[in-house]
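Dear colleague,

I am handing over the structure we spoke about, and you will find it just below.

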Amino acid sequence: MRPYTDQAASSATGDAAAAGPQQAAVERPGGTDRRRLWRSRRYRWDIKYSPYAFVAPFFVFFAAFGVFPLLYTGWSSLHRVSLAAPNDMQWVGLRNYTRLLEDEFFWNALRNTFTIGVISTVPQLLMALGIAHLLNYRLRASGFFRVAILTPYATSVAAATLVFVLLFGRDYGMINWALDAVGLGKVDWQSGTLSSQVAVSTIVIWRWTGYNALIYLAAMQAVPNDLYESAALDGATRWQQFIHVTVPSLRPTILFTVVVSTIGATQLFGEPLLFGGASGQKGGASHQFQTLGLYLYEQGWFNFHLGRASAIAWAMFLILLIVAGINLLVARRLRKSQ
């Protein structure tokens, strides 16, 4: 009788342990409902706020390193501030902006930026369009060529510019050697206005042509083959297909690359700085290739006028806003025409 008693006792104890929470729930009828309510609430919070938590780090860093410097630069542009005492700010209102409008060096830098932008952007995009058109056909080792054209973009600005400085050297540069060999004579690339801007533009073209070619290539591969087959049945040559099928299909992409290249040209800094050597911030002895970025650098870090440099930065920002507005208008007209 005793084992039966122990087993029964053990079974009774186990049943009591297993049934403990249920008994507790029975003893506390609102506990289970509260837990379910809490879990349901946490689930709703998870669905509602988790996406904001995932994207929050981007906005935090953007606010710290994008919005705050922009606003602080705008505030500094309304003050007289020296790099030697950045906390000592004296309110001058719009004086820094009015001085820019009267400053011939600012207009010279703006003119140089526009000229270098045109000289570098137009050939760059035309060459990128032609390279993308060639890569769009079936070629042997097409993957190698697509990676190879992106190599200049992966090269650092300093390394590329130093190589081009050697190539454009006045006495021992390879380009002057080639020009002298064909009887055209040597060119002092850094001293002349047009020659120096062409040299700087060459560096920009070399770095960014492959990058734009890949963008065009991606857009070309999205053009339906039916259009090319229809054009071929009508007797169109490859050149005619390129002019009448490819280019019209790429108009939004071309507009995008024009805007991005214009923004890059407005911010041009590293190439002319390194090309100019010791006086790179001046853009040459007579400021012949000084861009807006170099002029900002010269005013802020060589002349110690942080307020004036901030005004230049905001002038560049306004120029980019104008470019973005023109892009928006042109894009709307393209959509309406389609």
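Please keep in mind throughout that this is a predicted model. I begin with a pair of helices: the axes of helix α11 (residues 225–233) and helix α12 (residues 238–249) come within 10 Å of each other and cross at roughly 160°. Since angles over 145 degrees count as roughly antiparallel, α11 is roughly antiparallel to α12, and the crossing of the two is right-handed. On the α11 side the contact is made by Leu227, Tyr228, Ala231 and Ala232, while α12 contributes Gln241, Val245, Thr246 and Ser249. Sorted by class, the residues of this contact are 5 nonpolar and 3 polar, with no charged residue among them.

Helix α12 also meets helix α13 (residues 251–266), and here the axes come within 5 Å and cross at roughly 60°. The two helices, α12 and α13, are therefore oblique to each other. Their contact involves Val247, Pro248 and Ser249 from α12, together with Arg251, Pro252 and Ile254 from α13. In this contact of α12 with α13 there are 4 nonpolar residues, 1 polar and 1 charged.

Another packing to look at is that of helix α8 (residues 157–167) and helix α10 (residues 193–220), whose axes lie 10 Å apart at an angle of about 130°. That angle makes α8 oblique to α10, and their crossing is right-handed. Val157, Ala160, Thr161 and Phe164 in α8 meet Thr202, Ile203, Trp206 and Arg207 in α10, and the residues of this contact divide into 5 nonpolar, 2 polar and 1 charged.

Turning to the strands, β1 (residues 79–82) and β2 (residues 85–91) run antiparallel and are joined by 3 bridges. They form a hairpin that has 2 residues between its strands, and within it Ser82 has Ala85 of β2 as its bridge partner.

Finally, for the protein as a whole, the secondary structure comes to 16 helices and 2 strands. Its radius of gyration is 33 Å, well over the 20 Å that the globule rule gives for 338 residues, so the protein is more spread out than a compact globule. Along the principal axes, the C-alpha atoms fill a box of roughly 125 × 75 × 45 Å.

Conventions. Residues are numbered from 1 along each chain as its sequence is written. This is a predicted model: local features need pLDDT of at least 70, side-chain atom pairs count only at pLDDT 80 or more; totals for chains, interfaces and linings use all residues. Side-chain values use heavy atoms; hydrogens and water are left out. Two strands pair if DSSP finds at least two bridges between them. Helices (H or I, at least four residues) and strands (E, at least two) are DSSP runs, numbered from the N terminus. Axes are lines fitted to C-alpha atoms, for helices over the stretch in contact, and angles run from 0 to 180 degrees between N-to-C directions. Angles under 35 degrees count as roughly parallel, over 145 as roughly antiparallel, 65 to 115 as roughly perpendicular and the rest as oblique. A crossing is left-handed if the near helix is turned anticlockwise from the far one by less than a right angle, and right-handed if clockwise. Contact means heavy atoms within 4.5 Å. Ala, Val, Leu, Ile, Met, Phe, Trp, Tyr, Cys and Pro count as nonpolar, Asp, Glu, Lys and Arg as charged, and the others, Gly among them, as polar. The radius of gyration is taken over C-alpha atoms; the globule rule is 2.2 Å times the number of residues to the power 0.38.
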